[in-house]
Amino acid sequence: MDLSAEPRVVAMGVDILADALAAQAVEVRRIDWRPPLDGDALIRVLADPRRRAANEQALAAMLSAGAMLVDIRPASEALGLKPGEFLHAGPPISWERASGPLRGALIGAMLLEGLVTGSEEAEAALSAGHVELEPCHHRGAVGPMAGVISSSMWVFELHDPANGGTAFCPLNEGLGKVLRYGAYSPDVIERLRWMNTVLGPALRAAVRQHGPVDVKSIIAQMVQMGDEGHNRNRAGTLLLLRELLPDLVDTALAETLGAVVRFVASNDHFFLNLVMPAGKLQTSAAAGIEGSSVVTTMARNGTDFGIQVSGLGERWFTGSAQVPEGLFLGTYGPDDANPDIGDSAIAETMGLGGFVMASAPAIVQFVGGSVPDAIRTTKSMYEITVGENPAFSLPILDFRGAPTGIDVVAVVKTGVLPQINTGMAGKVAGTGQVGAGLVKPPAECFVQALAALAEAAPDPFVAG
Amino acid sequence: MYPGLGVRRHLEVRAGVYRDSVSLMQASRRIGAEPGVRSALVAMATELNIELLVGMGFHAPAGASANDMVVAVEADGEEQLAGAVATLDELLAQRRIDGEGQAFPDPLPRTIRAAAAGATLALISTPGQYAAADAFEALDAGLDVMLFSDNVPVGPEIALKRAAAIRGRLVMGPDCGTAVLGGVGLGFANVVRPGPIGLVAASGTGAQQLMCLFDAAGLGISHCLGVGGRDLSEEVGGRSTLAALDLLASDAATERVVVVSKPPAPAVADAVRARIADLDLPIDLALLGPGRPTLTDVAERVVRAAGRRWTAPRQWSAPAIRQRRPGALRGLFSGGTLCAEAGFVVSERLGAVRSNIASDAASALPDDLRSDGHLVIDFGDDVLTRGRPHPMIDNTLRVDRILDEGSDPACAVLLVDVVLGHGAHPNPAAELAPALATARENAARGDRDLAVVVSLTGTAADPQGLDRQVAALQAAGASIHLSNADAARTAADLVAG
């Protein structure tokens, strides 16, 4: 305390005390205080002497993380997936509890792998428990929507030179009736086969000739070009194409080049599947730091929303996934939508998506808001994050960095929940995408995680 | 006419709408005063408030939590009911929004961190069960803390003060009602002249009384650092007191220091004495207790030691009530230390005095705060402020009790404190004086001459206007004393056989 300087006061609580300062012409800033989601565990975690340094370390690791696209290969090689083993989005789940889109995607993947001849046979095998289900996150992978990865699918392989991590994500199929939204009709399977036999090998040849592609740098540029990296990836996709096109032209077979380029260029979300593994690299760099309350994973399987926290290892803290609010395609409506699904909330976990809505004014109406709403959303995300990422800077906020490193403590204390931009899958298996909008995690994930952090913290009230 | 005919009720839960308890109390009072409104409660749906609601005859709304606002109104008819709800909506809409008129107005910050850039101090007055977490947030943001909130458990207080020591910050509180930093009053603070005296205060109203007595004697204040009422207990170990002494010792403006507190735990007293011996600064200990010097005695000692002339604190006597009368003394206080000091002074003269803040069980008042004999009540005690504003802000409880005492044949003398300054009620005499006058009238109807003695803590520069307060209280028949000890002595002498 510097007694020689006039105090400049932040006031939290009853207004009359702030009024009394204002009456003395003292500078006073008022806080819009609300009761926390849960009071008891907060003080234990706040008093944990490890927390501040641990969170600073987590933030530093996140900011240092790079993301280089180094290769594209089949999941059987890259992830060691065997036929009959399937990865899926979100926290662990059984077939019995799986939602429509996840079931649809698993049926489709069984068909793609040639393990069954029809959807009924696939369902029978899945419900009999004859297949291995595991979260993508457990293998360093991420998958959008249902997030199903099977052995023959080709995946991007990204490397973080600063922290040594590796992350994987399948190739994006496009919009509409696609496997990740739970569709498994013959055209869906046929497209996946083409991706395995034509698209994957062509992109691999181009990447190998080009050398590692700096995905983090493309993300930094896309955020300044109106993309938020979750529901809008148009600039990112074009920047990737610009980067790889000469090498594609050099290496691709003349008869497939047009189809490959057309496929990538016509899919505004192609680059989402590179933002996601870049996010996985960034957030895993911050994982496993004792005492840290920074969220390293937010992921949904269509039934549960789960988070993981740096200081709490591999534990998942789950609650019921919510149904997003937003706009619907065609004649679909809220009753057709499945609860929130996909690993793509890794975008928000890394500080993109809903967290940088301020930088994506072009899509605010698509997700049901106004430009001032978008700016307010981003500003409120600074209240629940430990720092800012100068690599992803937002021109409209005077180049302030993206809000980065969600703090469980701040979420529970303020009741401000992370804002996620997302697509919506139809709840009936086989439907596909029905819309897009905004969703928040269930508060109980954060309340449970805070309780676990409190348990892991040293007793703050012992003498000494 | 059938009573109850036409009575209409409105019960509504506004999910997720939050306002602080003081704003809501004020809203409840405003609506309750609307024509045709019989009762009104606007409150966060805490357990306590739901009990109040049920007490008003409403059903507890299912599923409402402390994060939801509940609105309950009972009125004479639909029209009055609608009027009350419309008034409420207007009151709630009057909330300040910073940055209005900007292209993209910022919402008010939700965290201290978001507002901390350039700030030096966090003034926290959130509910006690959450306030320690808020104080931690302030320390993490690099700020010193004044923790006004009461009902903060001692465990978190210790954790906070330990963390503050590591970060080189000062935690004033919890339950810190008063601080003055370089002329800026925080919480309840009188407007006093600048000067050489630094205060370290475990007692808010004790510090206010000292500052006002110093001010009246022409002696000014450099800073008053609050430490919280429990700081000098064995558990807390005087952490904030020691830190505050160090700060004042290195402050250029401070020449003498007074520590005002209850007598500390023995081990803590040793630590404080050892620190005082290390510091090159004259330090007075004003340790309040039975048989010890009063705040006025301390003020006199300090004023003389500072080389100033001491004159007895001013008083305005009430000629009508000079003679002694048999009966009980009833002290109704808003200031905890003023109440305790009055209790010590009165019991020296009258023997047993019961109180809700008595340290021994024999002198404790029962929960209904009633007793036939002499009593002093601290209406600012934690138990009585749970879920309602401090009695220095809201006079309701004391006004009710003053009126009750007027009708109690046993009551011969009313002793009431009035505390002025920033943060306190803008015109306490406007509410207390009419109640005192009514109590005296009611007593007179029962052939009693009820004497009223007021202990007035304030300065001529206080926003309420010292003269205006004195005039209103005098008109109600009270004698008024700037020295709390004098007031207590005068009141005791009026009933002493």
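**Exercise 1. Contacts and overall form of chain A**

Determine what share of the contacts in chain A with a separation of 6 or more comes from residues 24 or more positions apart.

Solution. Step 1: two residues are in contact if their C-beta atoms, placed from the backbone, lie within 7 Å. Step 2: in chain A, residues 24 or more positions apart account for 73% of the contacts with a separation of 6 or more.

The model is predicted: local features need pLDDT of at least 70, and side-chain atom pairs count only at pLDDT 80 or more, while totals for chains, interfaces and linings use all residues. Residues are numbered from 1 along each chain as its sequence is written, and chains are lettered from A and ligands numbered from 1 in the order in which they are written.

Step 3: the C-alpha trace of chain A spans about 80 × 50 × 45 Å along its principal axes. Step 4: the radius of gyration is taken over C-alpha atoms, and the globule rule is 2.2 Å times the number of residues to the power 0.38. For 464 residues, a compact globule would have a value near 23 Å, and chain A agrees with its 23 Å.

**Exercise 2. The same questions for chain B**

State the extent of chain B along its principal axes, and give its radius of gyration.

Solution. Step 1: the C-alpha trace of chain B spans about 75 × 65 × 45 Å. Step 2: with 497 residues, a compact globule would have a radius of gyration near 23 Å; chain B has 24 Å, which agrees. Step 3: among contacts in chain B between residues at least 6 apart in sequence, 72% join residues at least 24 apart.

**Exercise 3. Burial and a helix**

Find the percentage of buried residues in chain A and in chain B, then examine α11(A).

Solution. Step 1: a residue is buried if 20 or more other C-beta atoms lie within 10 Å of its own, exposed if 12 or fewer, and partly exposed in between; C-beta atoms are placed from the backbone. Step 2: 59% of the 464 residues of chain A count as buried, and 53% of the 497 residues of chain B do.

Step 3: helices (H or I, at least four residues) and strands (E, at least two) are DSSP runs, numbered from the N terminus. Chain A has 15 helices and 17 strands; chain B has 16 helices and 19 strands. Step 4: helix α11 of chain A (residues 272-284) is mostly covered, with 13 of its 13 residues buried. Step 5: the expected span of a helix is 1.5 Å times one less than its number of residues. The 13 residues of α11(A) should therefore span 18 Å, and the end C-alpha atoms are 18 Å apart, which agrees.

**Exercise 4. Where A:Ser99 sits**

Is A:Ser99 buried or exposed?

Solution. Step 1: A:Ser99 lies in the loop between β4 (85-88) and α5 (100-112) of chain A. Step 2: A:Ser99 counts as buried because it has 25 C-beta neighbours inside 10 Å. Step 3: leaving aside neighbours within four places in sequence, the contacts of A:Ser99 include A:Gly302, A:Asn338 and A:Lys427. Step 4: A:Asp40 is 59 residues from A:Ser99 in sequence, and their C-alpha atoms are 35 Å apart in space.

**Exercise 5. A sheet of chain B**

Give the strand order of the open sheet of seven strands in chain B.

Solution. Step 1: two strands pair if DSSP finds at least two bridges between them. Step 2: the order is β13-β19-β18-β17-β14-β16-β15 (chain B), with mixed pairing. The edge strands, each pairing on one side only, are β13 (315-316) and β15 (354-355) of chain B. Step 3: β14 (residues 328-333) and β17 (residues 411-419) of chain B run parallel and are joined by five bridges. B:Gly331 stands opposite B:Leu415 in β17(B).

**Exercise 6. Where the chains meet**

How many residues of chain A are in contact with chain B?

Solution. Step 1: 48 residues of chain A are in contact with 58 residues of chain B. Step 2: α13(A) gives the most to the side of chain A that touches chain B, with six residues. Step 3: this side divides into 29 nonpolar, six polar and 13 charged residues. Here Ala, Val, Leu, Ile, Met, Phe, Trp, Tyr, Cys and Pro count as nonpolar, Asp, Glu, Lys and Arg as charged, and the others, Gly among them, as polar. Step 4: five bridges join β1(A) to β4 (residues 121-125) of chain B, and these strands run parallel. The bridge partner of A:Val10 in β4(B) is B:Ala122.
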